[in-house]
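Subject: Structure handover

Hello,

Here is the structure I said I would pass on. My notes on what I found in it follow below.

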Amino acid sequence: MSDKKKKVVRPRTPMPHQDAMKRGTNFSEVALGYSREQALVEAERCLQCKKPLCQDGCPVNIDIKGFIAALVDEDLKGAYDVIRKTNSLPAVCGRVCPQETQCEGKCILGKKHEPVAIGRLERYVADTYAAESACEEVTDLSTCALERDDLKVACIGAGPASLTVAGYLAGRGIKVDVFEALHEPGGVLVYGIPEFRLPKSIVARELGGLEELGVSFHTNWVGGKTITIQDMLEQGYNAIFIGVGAGLPRFLKIPGENLVGVFSANEYLTRVNLGRAYEFPNYDTPAYNARRVAVIGAGNVAMDAARTALRMGADEVSIVYRRSEDEMPARREEIEHAVEEGVRIRCLCGPLSFHGDDKGCLKAMTVQKMELGEPDESGRCSPVCLDGETEQIPCDMAIIAVGTRPNPILLEATPELGLNKWGYIEADPETGETSMPNVFAGGDIVTGAATVISAMGAGRRAAKEIADRLL
Amino acid sequence: MGYTIVKKEELIPGQTSMVVIDAPQIAKKAKPGNFVMIRTSEKGERVPLTIADCDKDAGTITIVFLVVGKSTAEMNALNEGDEFMDVCGPLGKPTHIEKSGTVICVGGGTGIAAMHHIAKGHVEAGNRVIAIVGARSKDLLLFCTELSSFCPELRIATDDGSEGHKGFVTEVLLDILETEDDVAEVVAIGPVPMMEAVSNVTRPFEVKTTVSLNSIMVDGIGMCGACRCTVGGETLFACVDGPEFDGHKVDFAELKARLWQFKEQEEESMERFSKECRCDV
């Protein structure tokens with residue numbers, strides 16, 4: 001220990017992956033996870049800083065140093081307990097969080113070397129110490145007594161934000177009912193993120209853990225339709241959390257956009273993920289058959305759609321993006337994975353129009369060539385049209401992944417809810433409380449489309465506030 | 001927890017069925033024009049179907065469906081006492097109903113069932129309702145008894161003349177529009193070509209015309225955009241902005257093209273299903 005300062009920093013332990021050529025043809029998970037040896041080697045790279053900056057970088061404030069220390073001692077249960085104290089979905093977060101800009105982005109080792117692979121370690125701990133009894137992990141009891149059966153909280157939407165609220169409050173003995181509009185709970189974790197990046201069995205395991213804590217899931221309940229916030233208040237819920245996600249897909253408003261073969265990423269991914277279209281016709285929901293696919297946009301959703309299209313059998317898949325690769329909002333790792341699998345990147349191309357055949361089916365799109373201009377308000381270089389330079393790209397499917405706008409269902413049914421100028425719910429950044437007392441909101445319906453972990457962070461802040469008020 | 005079928009009636013054997021489903025929470029909230037998403041079993045797809053009637057006291061909703069593919073054939077294989085795995089709703093904006101005078105409600109095929117719910121709403125609001133129903137022949141007409149129980153003016157058109165006017169509903173509609181001065185609204189629900197034809201008939205009369213669009217949906221809650229349609233040059237979502245729109249503004253050609261998107265896969269599914277269950281559909 002005394003010569004710790006002099007020790008040579010070992011390189012970051014690489015993550016084993018399914019072979020790039022092979023994985024493009026299946027839906028099995030791409031990143032395979034660390035072995036015990038790999039996890040221990042990586043955990044030992046952690047410097048155990050006095051002031052761990054990584055923890056500040058984590059939206060749900062995991063005691064990262066603490067869990068890694070337990071892992072180094074080969075105390076898996078200890079490591080899992082530390083993580084579960086603040087994170088209800090560690091196996092999910094270990095897979096889909098943008099660690100490079102959060103915990104790992106703040107890691108001191110990263111200044112001169114590569115940061116500790118915190119996400120991979122979190123995944124290792126969560127997977128290895130799979131929640132056999134989630135209740136036991138949090139409370140040391142084999143069954144979870146709902147200590148305060150006089151208190152109940154409703155969550156609308158069963159995505160990451162609500163699941164975090166539910167996990168936190170249920171762990172403190174409060175009855176939580178989660179109302180989900182779709183037929184499966186999980187939100188974006190089940191309809192959006194593909195199986196090869198986040199297996200549904202992992203999500204099911206985390207949901208099972210929450211059920212063991214006493215959380216009840218009510219599927220097919222549409223907030224604002226089947227049940228309104230007013231109904232919930234009348235039914236005696238002490239607090240309500242709105243975590244309904246971002247909602248309606250945005251389109252480009254260019255000619256030909258409603259041609260057959262033009263899809264929103266939401267539709268395409270929902271068909272394949274929630275509807276299991278990759279198992280059609282064994283499952284009934286079909287996906288559109290296409291050979292040449294253009295995906296418009298370059299965020300994580302666009303990468304998911306492109307990699308999915310490849311696996312669904314397309315011969316050629318391109319990401320079409322109006323800025324350059326440096327400006328792409330997707331995680332680096334996702335872009336790299338996509339390229340390794342054969343996705344082509346066409347940068348500096350802005351879609352102008354779609355063209356169809358006489359049956360109204362897409363056959364090509366025209367793009368405007370761009371160059372990079374001055375940085376805009378987002379801080380990224382703005383795309384500038386190169387006059388007269390257009391190109392026609394043949395394609396029989398286009399997937400539009402350029403973001404979402406607020407879903408109107410719950411908002412129209414609840415005119416009392418204050419909205420911001422973009423139409424999202426206005427919520428106190430500290431507590432998550434909306435303009436309606438004891439009605440909280442968090443996640444994409446407040447911020448617009450963001451990450452799983454930022455929605456969880458919002459859920460956690462709201463849950464703390466709810467617990468403080470009720471207990 | 002499933003959704004039990006408390007009553008089933010094959011209105012047209014092997015083709016059109018009516019099911020009454022135990023779904024108290026949906027019944028409590030349902031209004032004319034609303035729809036539900038139904039999934040029959042674990043591997044099934046979500047199918048949007050209009051609520052044809054609801055009984056708030058009994059806690060039931062009534063659905064009428066046409067057997068067109070695997071999913072509806074599978075629905076039709078269920079009987080009283082069986083359960084649908086998922087019923088989600090009520091979805092969509094309800095029909096805009098106010099006291100406005102004379103309203104002509106046109107229904108075609110399975111659409112007659114949905115039209116009947118809306119006609120009922122208009123009668124309850126104090127409007128004079130003229131109902132026109134159409135089918136290929138007498139045996140394919142639906143809900144005529146129910147309709148005539150609250151709507152004294154019921155006109156029938158059949159392609160083969162086996163009952164009522166021999167010809168299309170649009171001919172009956174044109175007749176009425178030429179003789180009635182004061183029609184506040186025409187509502188049309190049925191196959192897309194029928195709704196398009198109705199809109200074309202009413203256009204010169206400048207009568208407000210409402211159609212209910214049966215576009216392809218995946219979630220039914222605004223998430224996917226599959227049901228988008230062009231109305232007055234604007235892209236709208238049938239599930240959250242509709243399903244009812246101004247028939248004079250709808251791009252029917254686009255709607256028809258979009259409805260054919262999954263034809264190939266639908267045929268493949270149906271063929272497989274027919275082989276598996278050896279049923280007669």
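Predicted model: local features only at pLDDT ≥ 70, side-chain atom pairs only at ≥ 80, totals over all residues.

Helix H6 covers residues 192–202 of chain B, and its axis comes within 10 Å of the axis of H7(B), the two crossing at roughly 180 degrees. Angles over 145 degrees count as roughly antiparallel, so H6(B) is roughly antiparallel to H7(B).

The chain B sheet

Chain B has an open sheet of seven strands with mixed pairing, in the order E11-E10-E9-E8-E12-E13-E16. Its edges are strand E11 (165–166) and strand E16 (244–246), each of which pairs on one side only. Inside the sheet, strand E12 (residues 183–189) and strand E13 (residues 208–212) of chain B run parallel and are joined by four bridges. B:Glu185 has B:Lys208 in E13(B) as its bridge partner.

Two helices lie across strands of chain B. Helix H3 (residues 111–124) lies across strand E8 (102–108), strand E9 (128–135), E12 and E16, and runs at about 165 degrees to E8(B). H5(B) lies across E8, E9, strand E10 (153–158), E11 and E12, at about 155 degrees to E9(B).

Helix H5 of chain B, residues 169–179, also holds B:Glu178. Is B:Glu178 buried or exposed? B:Glu178 has a relative accessible area of 53%, and the cut-off for exposed is over 50%, so B:Glu178 counts as exposed. Between B:Glu178 and B:Phe205 there are 8.7 Å in space, C-alpha to C-alpha, although the two are 27 residues apart in sequence.

The chain A sheet

Chain A has an open sheet of five strands, ordered E3-E2-E1-E4-E15, and the pairing is parallel. Strand E3 (216–218) and strand E15 (439–441) of chain A are the edge strands, each pairing on one side only. From one strand to the next the twist averages 25 degrees. Strand E1 (residues 148–156) pairs with strand E2 (residues 174–179) of chain A in the parallel sense, over six bridges. A:Cys155 stands opposite A:Val178 in E2(A).

Aromatic rings

The count comes to eight aromatic pairs over all chains. In one of them, the ring centres of A:Phe263 and A:Tyr288 are 5.4 Å apart and the planes are at 50 degrees, so the pair is tilted. A:Phe263 lies in strand E6 (residues 262–264) of chain A, and A:Tyr288 in the loop between helix H15 (265–273) and strand E7 (292–296) of chain A, so the pair ties together parts that are 25 residues apart in sequence. Both A:Phe263 and A:Tyr288 are buried.

A:Phe263 also pairs with B:Phe262: the centres are 6.4 Å apart and the planes at 55 degrees, so this pair is tilted. The pair crosses between chains, from strand E6 of chain A to the loop between helix H7 (252–259) and helix H8 (263–277) of chain B, where B:Phe262 sits. B:Phe262 is buried, as is A:Phe263.

Elsewhere, ring pairs link A:Phe27, A:Phe196 and A:Tyr278 into a cluster.

Charges over rings

A:Arg405 lies over the face of B:Phe237, 5.8 Å from the ring centre. In chain B, B:Lys263 lies over the face of B:Trp260, at 4.8 Å from the ring centre.

Regards

Notes: Residues numbered from 1 in each chain as written. Chains lettered and ligands numbered in written order. Heavy atoms only, no water. Pairing = 2+ DSSP bridges. Axes fitted to C-alpha atoms, helices over the stretch in contact; angles between N-to-C directions. Phe/Tyr/Trp six-rings, centres within 6.5 Å; stacked < 30°, edge-to-face > 60°. Buried < 20%, exposed > 50% of the residue type's maximum accessible area, 1.4 Å probe, protein only. Lys NZ or Arg CZ within 6 Å of the ring centre and 35° of its normal. Parallel < 35°, antiparallel > 145°, perpendicular 65-115°, else oblique. Contact = heavy atoms within 4.5 Å.
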